[in-house]
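Welcome, and please have your viewer ready. We will go from stop to stop, with something to select at each one.

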Amino acid sequence: GSGVASGMFSNSTNIITATTNTSGQLPEGFTANTHAGTYTVTASFGGASTLFTLTNNPAAAATVALTSVASSATVNTPFSSMLVATVDDQFGNPVSGSNVTFAAPTSGPSGTFGNTTATISGTTNASGQVSEAFTANTVAGSYAVTATAGSLSSNSLNLTNNPGAAARITASGTPQNTTVGTAFASPLVVTVLDSFGNPVSPQTVTFTAQTSSGATGTLASPTTPTTDANGQASDTITANTHAGAYTVTATIPTTAGPLSTFFNLTNTAGAANSIAVASGSGQNTTVGRAFAN
């Protein structure tokens with residue numbers, strides 16, 4: 001029947017009737033269909049019958065396909081599912097015993113197979129498949145893995161190594177100074193990295209200006225930006241009207257507790273615009289002598 005291993009007789013059907021020769025025999029040509037597998041052909045006469053057990057073997061390998069249920073993993077951890085290569089003949093029958101070689105990039109974002117290298121070979125099973133475990137390396141990013149079987153090449157399987165948890169935060173745009181009442185020229189920029197130096201995104205960063213009755217500044221809104229693809233987030237700040245030095249803190253949460261970095265800022269005095277007597281007014285002295293104060 002359709003979709004199963006079978007074949008056709010010389011009349012292009014799966015049933016034929018003919019008469020035995022003088023030797024009591026009846027030979028019939030038979031052609032396998034396009035489905036691999038084992039099946040039986042029955043020959044019957046009257047109430048008697050006999051069976052022929054036949055097998056359609058797959059044709060030569062014609063395609064190799066590479067699949068994986070999981071398309072991403074955290075850096076330095078295994079993918080949750082195997083990479084599976086399937087080898088079929090031209091009719092879609094699985095081809096067993098095919099040697100398949102898996103290959104991942106040798107630098108940058110990539111990973112390693114069970115042999116701790118970026119390349120491994122295996123042999124397809126009865127289902128035409130060979131599976132290999134795969135572990136992301138320590139570099140975040142996207143890349144392609146391929147498989148080959150002889151001269152046949154698979155599709156490119158696109159995988160992604162995601163960065164790990166935030167482990168480090170650094171500051172740029174420090175130290176700076178500006179005149180009281182004006183905006184600082186450079187934004188306050190933080191970079192958030194995982195333990196392998198990969199930028200972490202998205203990650204919320206909280207900026208907090210030192211509060212006091214003296215020098216400080218006003219941060220832009222919102223004060224909790226999210227890191228971009230480069231692991232960076234920034235804020236701007238405007239000095240208040242008090243001259244002096246102070247800090248702005250940038251903080252991120254981690255499982256081990258908050259991580260912080262600091263910006264050292266200074267509000268400098270503006271140009272002189274008034275003058276007043278501080279002391280010494282209202283004194284007197286004898287002519288020819290210095291005033292006491």
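Start by selecting strands β13 (residues 141–149) and β15, which run antiparallel and are joined by 5 bridges. Keep in mind as you look around that this is a predicted model. Within this pair, find Y143, which stands opposite L159 of β15.

Now show the side chains of β15, residues 157–162. Which residues make up the covered face? They are L157, L159 and N161, while N158, T160 and N162 form the uncovered one. In a regular strand, side chains alternate between the two faces of the sheet.

Move on to T191 in strand β18, residues 188–193. Is T191 buried or exposed? T191 is buried, because its relative accessible area is 16%, below the 20% cut-off. Its neighbours in contact include R168, T170 and N230.

The last stops are in loops. Most peptide bonds are trans, and most residues other than glycine have a negative phi. Between β16 and β17, look for P175; the bond joining T174 to P175 is cis, with omega about -5 degrees. Another cis bond leads from S201 to P202, in the loop between β18 and β19.

Finish with S12, between β1 and β2, where phi is positive at about 65 degrees. S12 counts as exposed, at 52% relative accessibility.

Definitions and conventions
Residues are numbered from 1 along each chain as its sequence is written. This is a predicted model: local features need pLDDT of at least 70, side-chain atom pairs count only at pLDDT 80 or more; totals for chains, interfaces and linings use all residues. Side-chain values use heavy atoms; hydrogens and water are left out. Helices (H or I, at least four residues) and strands (E, at least two) are DSSP runs, numbered from the N terminus. Buried means under 20% relative accessible area, exposed over 50%, partly exposed in between (1.4 Å probe, protein chains only). Contact means heavy atoms within 4.5 Å. Two strands pair if DSSP finds at least two bridges between them. Lists of a residue's contacts leave out its neighbours within four places in sequence.
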